[in-house]
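Please prepare a briefing on the predicted model shown below, with its points grouped by topic.

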Amino acid sequence: MNEKHLVAGGIRKNSFGFTSSRFFKTLGWLGVAACFAGAIRIAFFPVFSQLILGGASFFFVMLGLVLSVLTLGYFLLQSILAFCYRQAPTLSDEELPRCTVIVPAYNEGSYVATTLRSVLSGDYPADKLEVIAINDGSQDDTWDWIRLAAEEANGRIIPINLVKNGGKRHALYRGFQMATGDIVVTIDSDSEILPDALRKIASPFADAKVGAVAGNIRVSNLDGGIIPKMLDVAFAFGFEFMRCAQSVVHSVLCTPGALSAYRLEAILPINEEWVNQTFLGRPSGIGEDRALSSMIIRDGWYVTYQNDAIALTKMPLVYRTLCKMLIRWCRSDVRENFLMLGYSFGRLMRPNFCWLVLVINLVFQSVAILLPLLFLPMLVLGILTQPVVCIGYTLICTTLWSSIPALIYGRRYSWSEAIWSYAFGLYSIPLLSWISVYSFITMKNSKWLTRGLPAGTAPKAEVASDGLMAGRL
């Protein structure tokens with residue numbers, strides 16, 4: 001990966017890790033932005049409610065005040081925790097554990113070879129690295145590209161061809177069964193990792209309590225339009241702020257499929273439960289990464305985040321595909337939040353600070369998903385009765401809240417690109433606000449939605465086989 005590619009992916013050399021003074025300045029700006037946004041919400045919400053709701057305004061005024069204060073307090077807590085975050089020190093070759101990398105692929109075409117080459121070109125010791133590439137019944141030429149990458153690797157890649165598509169969860173399950181490493185790293189086939197990513201993500205496992213580690217995900221196809229640019233800023237907030245805070249209390253809620261690592265000792269006992277997971281009587285075909293995180297936390301392991309273990313991944317380019325991806329994510333969040341809250345007051349019940357913050361995170365995430373059920377009707381009513389006031393209030397609040405991820409992205413990467421945070425905020429209200437409501441209503445649906453046969457690609461001929469594994473090269 002050359003310098004140009006790193007910059008295109010939104011990553012600059014020597015940009016990782018804040019100095020103390022820079023981090024304090026950033027924290028200060030975050031505090032100012034959060035306080036200002038909270039104050040504006042508290043000031044504007046009563047006026048907004050009175051204008052559009054008449055006699056019913058008291059309830060909404062009180063609700064707005066309570067939510068504003070709680071939200072402000074929540075973000076201040078997250079800011080303090082994020083400030084306390086420290087990534088694990090990098091291990092030497094001798095200290096690194098044996099690692100199995102699993103790359104499941106479905107209808108990925110040539111890019112899966114790019115993914116596999118990025119794994120082998122890293123600085124992880126070759127004698128400690130095992131790579132398993134699994135074709136999950138693709139309808140295109142994905143299997144051909146896996147075989148090509150395996151041939152180029154001279155035996156360093158184990159290619160597996162599952163003739164029948166069973167879903168990503170089942171492909172990973174097969175890989176977990178075959179893995180011989182002390183840790184297992186999962187990488188999506190539409191991603192590529194930086195040369196030191198495996199070393200970085202393996203380093204936290206020096207702590208025997210760590211069961212899983214989430215990597216840092218950035219967007220690779222920034223030249224594909226405004227959607228990838230907006231998501232890159234959103235990812236910086238989600239990973240370099242929220243996951244930093246969650247890592248301090250050892251409970252990162254989601255280990256992303258694009259790059260995550262698991263201690264084999266932690267996942268083998270839950271492997272069968274995980275692959276056969278159901279929700280409301282139906283198989284859970286989505287959210288396999290979130291489910292793994294939940295079960296590992298439930299069993300008492302630490303789930304942490306390694307900020308400098310970086311993968312570049314492709315994001316949707318069009319609105320329809322973006323909505324499908326977000327619906328899938330939101331449905332799995334709804335499911336796992338319900339399950340994790342049950343764990344928290346059952347098997348996880350160990351009242352301490354880390355447990356309390358975990359519960360707070362689950363509650364706030366659940367509330368964020370459910371609130372549009374209330375506020376979308378209010379927004380529609382406001383636009384119909386007092387459009388100028390409603391639109392003005394919405395624009396002010398959205399702009400202020402968008403300042404938080406903009407500040408994080410600007411200090412971390414690029415001030416000029418931070419403007420996409422505001423674009424994403426304004427884009428989300430009319431075009432994406434409905435997703436959490438729809439996802440909640442349709443939470444039983446576990447369809448993947450986004451990985452069909454690429455347009456213009458002819459399906460391959462059907463291969464007759466009564467087994468899942470067609471063989472190895």
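## Two loop positions

V318 lies in the loop that connects β10 (302-313) with α12 (319-344), where helices (H or I, at least four residues) and strands (E, at least two) are DSSP runs numbered from the N terminus. This is a predicted model, in which local features need pLDDT of at least 70 and side-chain atom pairs count only at pLDDT 80 or more, while totals for chains, interfaces and linings use all residues. Residues are numbered from 1 along each chain as its sequence is written, and side-chain values use heavy atoms, with hydrogens and water left out.

- V318 has a relative accessible area of 45% and is therefore partly exposed, given that buried means under 20% relative accessible area, exposed over 50% and partly exposed in between (1.4 Å probe, protein chains only).
- From C-alpha to C-alpha, V318 and G225 are 8.6 Å apart in space, although 93 residues separate them in sequence.
- S251 sits in the loop between α8 (226-248) and β7, and with a relative accessible area of 2% S251 is buried.
- When neighbours within four places in sequence are left aside, S251 is in contact (heavy atoms within 4.5 Å) with Q246, I297, V303 and L358.

**The sheet**

- Eight strands, in the order β3-β2-β1-β4-β7-β6-β10-β5, form an open sheet with mixed pairing, where two strands pair if DSSP finds at least two bridges between them.
- Because β3 (157-162) and β5 (191-193) stand at the edges with a single partner strand each, one side of each is left without a neighbour in the sheet.
- Neighbouring strands of this sheet are turned against each other by 30° on average, direction ignored; axes are lines fitted to C-alpha atoms, for helices over the stretch in contact, and angles run from 0 to 180 degrees between N-to-C directions.
- Strand β2 (residues 129-136) pairs with β3 in the parallel sense over six bridges, and the bridge partner of D136 in β3 is L162.
- Helix α5 (residues 142-152) packs on the sheet, where α5 touches β1 (99-105), β2 and β3, and the direction of α5 makes about 160° with that of β3.

**Strand β4 and its partners**

- Strand β4 (residues 183-186) is covered on both faces, with I183 and V185 on one side and V184 and T186 on the other all buried.
- β1 and β4 run parallel and are joined by four bridges, with V185 in β4 as the bridge partner of V101.
- β4 and strand β7 (residues 260-263) run antiparallel and are also joined by four bridges, and here V185 stands opposite A261 in β7.

**Helix packing**

- Helix α6 (residues 168-178) packs against helix α11 (residues 288-298) at an angle of about 55°, with their axes 10 Å apart.
- The two helices α6 and α11 are therefore oblique to each other, since angles under 35 degrees count as roughly parallel, over 145 as roughly antiparallel, 65 to 115 as roughly perpendicular and the rest as oblique.
- K168, R169, L172 and F176 of α6 make the contact with E288, A291 and L292 of α11.

**Aromatic pairs**

- Rings of Phe, Tyr and Trp (its six-membered ring) pair if their centres lie within 6.5 Å, and planes under 30 degrees apart count as stacked, over 60 as edge-to-face and the rest as tilted; by this rule the count comes to 15 aromatic pairs.
- The rings of Y74 and F75 have their centres 5.9 Å apart and their planes at 80°, so this pair is edge-to-face, and both Y74 and F75 are buried.
- F237 and F241 form a stacked pair, at 5.2 Å centre to centre with 25° between the planes, and F237 and F241 are both buried.
- Ring pairs link Y74, F75, F237, F241, F364 and W401 into a cluster.
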